[in-house]
Amino acid sequence: MGTELLHNIIIGILSGGVYALMAVGLTLIFGVLDIINIAQGILVVLGAYLSYALSVHLHLGLFTGLLVTVPAMFVIGVVIQWAFIRPLRGRERTSMSLLACYAVAIIIEGALYWAFGPDYVNLTGPSVTSSLHVLGFYLPEIYLYCFGLAVVVVAVLYGLLYRTRFGRSVRATMQDRTAALLVGINVSRVAAVTFGIGVAVTAIGGMAFGATGGGFNPNSGYDLISRLLAVIVLGGLGSIGGALAASVFMLTIESVVDIWQPVWSVAVFYAALVLVLTLRPTGLFGRRAARAQ
Amino acid sequence: MTLARLRYGGLAVLVAAAIAFPLAVTNQEAATLGFDAMIFVAAAAAWNMFSGYSGYISLGHAVFFGSGAYAAGIAARDWQVTGAAIFALLPLSAAVAALIAVPFGLVALRVRRHTFVVVTIAIFFIFQLVASNIAVTNGTSGLNAPFLLWSPVTFDDRFYYVALALAVLAVALSWLIRGSRFGLQLRAIRDDEDRAAGLGVRAMPVKLAALVISGAVTGLAGAVWFFFIGQVYPQSAYDPIFDLTVALMAFLGGLGSVAGPVLGALVLEPAQQYLTQQLNNAYLSEILLGVIFLLVILVLPRGVIPTAGERLTAWRAMRMAPAPAGGAAPSLPAPPATAGEDRPAGPAHAREQSR
């Protein structure tokens, strides 16, 4: 019992790392552009399918394939932002951007169904099936690698945001778009690149999701985006540290509840969100009350 | 004057066409389509009553839709209601949906904007999961509606009229709300909640009341839909596509206007079904639908009705104030106050601007 608990806590933390990666992209996009990219879920699935296509047709390893999929997803992100998000202006921008992202999502979903069909597929590779013996536990290798990768990427993102000139402009734009414009920051370029980065991490997230989950199909995006939204809201919208903490927190809870109540573990996920927001409407790490309606 | 006459004339034509629809169309598929369209007119109008007027975008209205369906189904099963008497269960469906809206609102309405959207999605998933896993809803096997002993010839038509009545009720209700003090309070909340509160609007009760009314009407739509379809499953009752579809319909037509969601539903539902049928490829039609949405968003970023209203206002302003040469009038900035209006306050604004 005790070991099982510990085991599930470890698995929860490891998958939390993977979710953190996907959630950071979402919360970055929110912070800079003030929109919720509800296409993020299907973009993760797209990333997973790209990895799948590369490994099946070109026999590229999952991790090698990322060298192709990450830049590809970055370009896709920049294009989406440039074509569909950038032109939105005015008071309806928030709601319209939700709609635009949804439209993009159903286009991608339709395309994925068309290309790959509705059957569930799995990412496979040497590291997917083998386990590592750590501290008396047998942990699937892929979880460890993906967690490691997630930690590295999040660290790189942190470095980018807090140690570079570009990062400073991103944070300035997150704080106050108008003021950022006034001090000469090219806000539209920052927005495009941020959206690109936010989408690029879905390539990694998608690979990890496809390799660690129980298979995926084009419909998986809905479940994924709901969880990611729960994570970033719980962490406080726009807070990167909050997204990290909330991912690990939520996934650990889900993994632990899974021991006793496999059916209800997903409900706990959302119930935790509702509960936290009832007590603290800004989320765990939200800095200020949400702006006026 | 002409505008008002145009509006009432259009309304009369629309209602007459809606009533005559089953007489003109004998095709089975078209009759089903008519029913679906009316259900969505009601659901989109109900959604708009809350989300359109208050600005709180709900992506969890399937909670009310599904709960209305389940309430009717469970009551019919447990109380052995059969035949046309099941329609007597409709008030129950509305009441259950309204009752669910209270805790829903008390939790979700504490947060605003994006966070509100996400909380509604979370609550939606909780409901879907609960319905799949408890005994009273019969889990994932779902429930069957009592069999109606209507002949297949009149079945569709009768249901069409029930749905039409519901749609008319929903639209009338949203028209009444929009013109009332309550509606003004809601729109004040949409424009600036803090300021509205400062001016004496008791924001929480007002928002909650709107959600309860909207939820009740959505629950009714869910129950009627369930009687027509004949069965309900957690996946079909609590359907994420429903959440998005009603929002999309309202957006497409024009958020916060009375006619917008009606127009959106009447365009979108047939378009969706037509595409699926014609292309014989559900995936391609899904892609096309997405493309159409993107085009609408880029070309008519505020929905059809408000954009058309604005154009009309600008055009009238141009006619009424042929004044300063150099074409100042055509570049009139859209008066922000009329955003989301289905009836632009034409002359008043025109005069203001031409001064």
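Helix 7 of chain A and helix 9 of chain A are roughly perpendicular to each other (a class covering angles of 65 to 115 degrees), the axes of helix 7 (residues 165-175) and helix 9 (residues 187-212) coming within 10 Å and crossing at roughly 105 degrees. Axes are lines fitted to C-alpha atoms over the stretch in contact, with angles from 0 to 180 degrees between N-to-C directions, and helices are DSSP runs (H or I) of at least four residues, numbered from the N terminus. The model is predicted, so that local features need pLDDT of at least 70 and side-chain atom pairs count only at pLDDT 80 or more, whereas totals for chains, interfaces and linings use all residues. Residues are numbered from 1 along each chain as its sequence is written, and chains are lettered from A and ligands numbered from 1 in the order in which they are written.

In this pair, S169(A), V170(A) and T173(A) of helix 7 meet V187(A), V190(A) and T194(A) of helix 9 (C-beta atoms, placed from the backbone, within 7 Å).

Helix 2 of chain A (residues 40-57) has 18 residues and reaches 25 Å from its first C-alpha to its last, close to the 26 Å expected at 1.5 Å a residue, the expected span being 1.5 Å times one less than the number of residues. Just after helix 2, H59(A) takes a positive phi of about 55 degrees.

Chain A averages a pLDDT of 82, and 95% of the residues score at least 70, pLDDT being the predictor's confidence in each residue, from 0 to 100. Confidence is highest in helix 2, at 90, and lowest in helix 5 (residues 126-129), at a mean of 69.

Methods: Helix = DSSP H or I, 4+ residues; strand = E, 2+ residues; numbered from the N terminus. Parallel < 35°, antiparallel > 145°, perpendicular 65-115°, else oblique. Contact = placed C-beta atoms within 7 Å.
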